[in-house]
Amino acid sequence: MKQGVNMDKHELLIRTAFKLFYTRGIHAVGVNLVLAESGVAKKTLYHHFPSKEHLVEATVRYRDRCYRDWLISRLEQVPAGKDALLELFNALDDWFHDRVPDIDHFHGCFFVNASAEFGDQKSAIHRACAEHKACVTALIRKHVNRLSLSEKKADEITQLIILLKEGAISLAYVQGNLNAAKEAQKIVEGTLGD
């Protein structure tokens, strides 16, 4: 897991912790494992992060940046509106099938997993997870707004797409249905029509 010497210790700790938290669970990973995998001294870790919770929040924000950058770039490859909304599910399908090395192998939704482990909605970690979901919703809404729908219909379509996206991620991870994104895409395509 040791990274290149050019990566600063702060970034190295975040990336190492994220990989461990995402694959093993946050509460299952102790600080000592993060230190062993990163090769960083304990004093350095606590210099950058006063507690494990601070490190967890940093990993949530790191994942948010990586995931949203990836998703935005995928949606920008096609025309805005319907094409981008359908591309969302192509992107998810690639993620489920581990064809997106930029965002790591698929282990479900890190934000759902992290918020489940930090259930207090007032915690910084839970709030950061909720902020991520709100930003993705806004991104989807931006493309729904290109469809020239009434406000009410745009709200309904946005919610439908969010529910299908979240459901596809859950089905792919929990039940192993790696075709869930393509199945959800068919529903969206049928709903949006020509």
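1. A word on burial, to begin with: buried means under 20% relative accessible area, exposed means over 50%, and partly exposed is in between, using a 1.4 Å probe and protein chains only. By that rule Asp94 is buried, with a relative accessible area of 19%. Asp94 sits in helix α5; helices here are DSSP runs of H or I with at least four residues, strands are runs of E with at least two, and both are numbered from the N terminus.

2. Some ground rules for reading on. Please keep in mind that this is a predicted model, where local features need pLDDT of at least 70 and side-chain atom pairs count only at pLDDT 80 or more, while totals for chains, interfaces and linings use all residues. Residues are numbered from 1 along each chain as its sequence is written, and side-chain values use heavy atoms, with hydrogens and water left out.

3. Staying with Asp94, its side chain makes a polar contact with the side chain of Arg74 at 2.8 Å. A polar contact is a pair of N or O atoms within 3.5 Å; within protein, one must be able to donate a hydrogen and the other to accept it, and residues adjacent in sequence count only if both atoms are side-chain atoms. Asp94 and Arg74 also belong to a network of salt bridges that links them with Glu87, Asp93 and Arg99.

4. How many salt bridges does the whole structure hold? The search finds 15, counting a side-chain nitrogen of Lys or Arg within 4 Å of a carboxyl oxygen of Asp or Glu. As background, side chains of opposite charge can pair when their charged atoms come close.

5. Lys19 is partly exposed, at a relative accessible area of 29%. Asp104 has a positive phi of about 70° although it is not a glycine.

6. Arg68 and Asp64 meet at 2.8 Å, N to O; they are 4 residues apart in helix α4 (residues 52–75), which puts about one helical turn between them. Arg68 is partly exposed at 26% relative accessibility, whereas Asp64 is buried at 12%. In helix α8 (residues 151–174), Glu156 and Lys153 are 3 residues apart, again about one helical turn, and their closest N and O atoms are 3.9 Å apart. Glu156 is partly exposed, with a relative accessible area of 38%, and Lys153 is partly exposed with 38% too.

7. Ser148 deserves a look for its backbone. Its phi is near 55°, a positive value in a residue other than glycine. Where does Ser148 lie? You will find Ser148 in the loop between α7 and α8, and at 69% relative accessibility it counts as exposed.

8. The structure holds 1 cavity of 30 Å³ or more, and about 50 Å³ of space lies in the largest cavity. On a 1 Å grid over the protein atoms alone, a cavity is a set of points where a 1.4 Å probe fits but cannot get out, and lining residues have an atom within 4 Å of a point. Grid points are joined across faces, edges and corners, and the volume is the space filled by probe spheres set on the points.

9. Which residues line the largest cavity? Among them are Arg63, Tyr67, Trp95, Phe110, His132 and Lys165. The elements giving two or more residues to this lining are α4, α6, α7 (124–144) and α8. By class, the lining has 6 nonpolar, 2 polar and 3 charged residues; Ala, Val, Leu, Ile, Met, Phe, Trp, Tyr, Cys and Pro count as nonpolar, Asp, Glu, Lys and Arg as charged, and the others, Gly among them, as polar.

10. Finally, the record. The UniProt annotation "DNA-binding region", from an unreviewed entry, covers residues 30–49; UniProt positions follow the numbering used here, feature names are shortened, and annotations may be inferred rather than shown by experiment. In the model, the end C-alpha atoms of residues 30–49 lie 14 Å apart, and the span is 75% helix and 0% strand.

Key: 1 Å grid on protein atoms, 1.4 Å probe; cavity = no way out; pocket = protein on both sides within 12 Å on 5 of 7 lines; lining within 4 Å.
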